[in-house]
Amino acid sequence: MLIADHETTSDKSPVLSAADRSISIFGSTGSIGTSTLDLIERARSGNGRDHDVYPIEVLTAQSRVKELVEQARKYRPSVAVIADESLYAELKDGLAGTDVEAACGRQALKEAACRPSQWTMAGIVGAAGLEPTLNAVRRGGVVGLANKECLVCAGDLFMAAVEAHDATLLPVDSEHNAIYQVFDQVNPKSVESLILTASGGPFRTWSTDEMQPVTPEQAVAHPNWSMGAKISVDSATMMNKGLELIEAAHLFPVSEDQIEIIVHPQSVVHSMVRYRDGSVLAQMGTPDMRIPIAYALAWPDRIETPADRLDFENLDQLTFETPDTIRFPALRLARECLQAGGGAATVMNAANEVAVGHFLNKNIGFLDIVRIVERTVEVMQTEWEETPLSEIENIIDLDLKARGEANGISSQFKQK
Ligand code: NAD
Ligand code: MG
């Protein structure tokens, strides 16, 4: 269930106070994961209580084993999972003498999502988060969704699972969280359109020629938000807004042509909903992910966050611009993939992950990222049109094939 229905929730089970819910954090060492833990730590110290406030069931990481050990020793989850199996011994040694179970590998990650926690943060980056998040959804709990790639890769199947298992899906991505907060869930037909805001990233005013030589260091330096490397590069190419367009189309009951994108460099208005009577409702705040994370963590209540407050008297101008799809072709490509339907977005997402990885490793240039993604989507058209997407295995298979294809195409772009 995406649309909040407090009564149904209370019919189903006694409503727990948010702080009593047990918590699983997938991707706990990342930007979203550490911000989630920061809020939990503050709630604990504010409460004068320790591990019984937001008790933690699962923490997971890909390869930052030292950070995971540190987190697990501090927050005492039932299990800590390191996805990279070669780091298992280090995790196990690090947890010696504690009652925290150590586990490793993809299967352990999927199984950890089946553990009985009441609230899950989907904070893994990329399609790697799809299966664990789906397992959490299938338990019918509350899922805070940061991992937008889940929806881009497998949106129809994912949302069908949310519905079938009566899960509560709370968008954490700041734009979608903003829309969720101002969307008339009782009367969705009163909505005319969604307006997704985009900062425009670090190269908003740069010409294509100026963007040609940019380095990973320049691309990850986002002007407003502090985030993981992959989403920072996505923001610089504006693929992030393309992914978010597709995410919004799955999350909210609107069609593709009812989703507008507007560049708003100050990142104060996080997104808006336009109503049939001409009203526009916006959610605003300083650019701090702890605000949307706190919304999801405490839902349906609200909790304190240390985020800076908006200071209207000293606020700079709020400006809005039409996005430039010539300089930022990812926006056009993502909309075309959404319109095409089928597995086009699955292929686009996988190819983007591969190309961003090559860019971060300095194998390809910045502008090559979207060229590689577009070429992959083109050459795999028959496959993405014909692959049935009702089974997760088919989607994972299509994602893997797209990664292989994108790797092959990337080698033609390799920098000398
Ligand atoms: P990050 O790179 O900082 O952290 C990613 C986390 O996922 C880490 O804990 C890492 O260990 C884990 N991980 C990475 N690859 C994995 C794999 N293959 N298998 C298992 N675990 C893996 O990323 P982030 O910025 O925290 O972003 C996480 C997700 O949230 C992304 O989907 C991103 O688009 C979304 N998001 C992030 C922000 C933000 O401000 N950081 C805002 C909106 C949405
Ligand atoms: Mg966002």
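**Exercise 1. Domains**

Task: State which domains the assignment of the chain gives and how far apart their C-alpha centres lie.

Solution. The assignment, automatic or taken from a database, gives domain 1 (18–171) and domain 2 (202–285 + 323–409). Their C-alpha centres lie 25 Å apart. The contact, meaning heavy atoms within 4.5 Å, takes 19 residues from domain 1 and 26 residues from domain 2.

The structure is a predicted model, in which local features need pLDDT of at least 70 and side-chain atom pairs count only at pLDDT 80 or more, while totals for chains, interfaces and linings use all residues. Residues are numbered from 1 along each chain as its sequence is written, chains are lettered from A and ligands numbered from 1 in the order in which they are written, and side-chain values use heavy atoms, without hydrogens and water.

**Exercise 2. Strand β1**

Task: Determine whether the residues on the two faces of strand β1 (residues 23–26) are buried or exposed, and name the strands that pair with β1.

Solution. Strands (E, at least two residues) and helices (H or I, at least four) are DSSP runs, numbered from the N terminus. Buried means under 20% relative accessible area, exposed over 50%, and partly exposed in between (1.4 Å probe, protein chains only).

1. Ile 23 and Ile 25 on one side of β1, and Ser 24 and Phe 26 on the other, are all buried.
2. Pairing requires at least two DSSP bridges between two strands. With β2 (residues 56–61), β1 pairs in the parallel sense over 3 bridges; with β5 (residues 119–122), also parallel, β1 is joined by 4 bridges.
3. Ile 25 stands opposite Leu 59 in β2 and opposite Met 121 in β5.

**Exercise 3. Helix α11**

Task: Explain why helix α11 (residues 229–237) is described as largely enclosed.

Solution.

1. Of the 9 residues of α11, 7 are buried, so the helix is largely enclosed by the rest of the structure.
2. The buried residues are Lys 230, Ser 232, Val 233, Asp 234, Ser 235, Ala 236 and Thr 237.
3. Their cover includes α7 (148–164), α10 (216–220), α12 (239–251), α14, α15 (344–360) and α16 (368–379).
4. Met 238 follows α11 and has a positive phi, near 70 degrees.

**Exercise 4. Glu 374**

Task: Locate Glu 374 and list the residues that it touches, not counting residues up to four places away in sequence.

Solution. Glu 374 is in helix α16. With that exclusion of residues up to four places away, Glu 374 touches Arg 332, Leu 333 and Glu 336. The C-alpha atoms of Glu 374 and Leu 333 are separated by 7.0 Å, although these residues are 41 residues apart along the chain.
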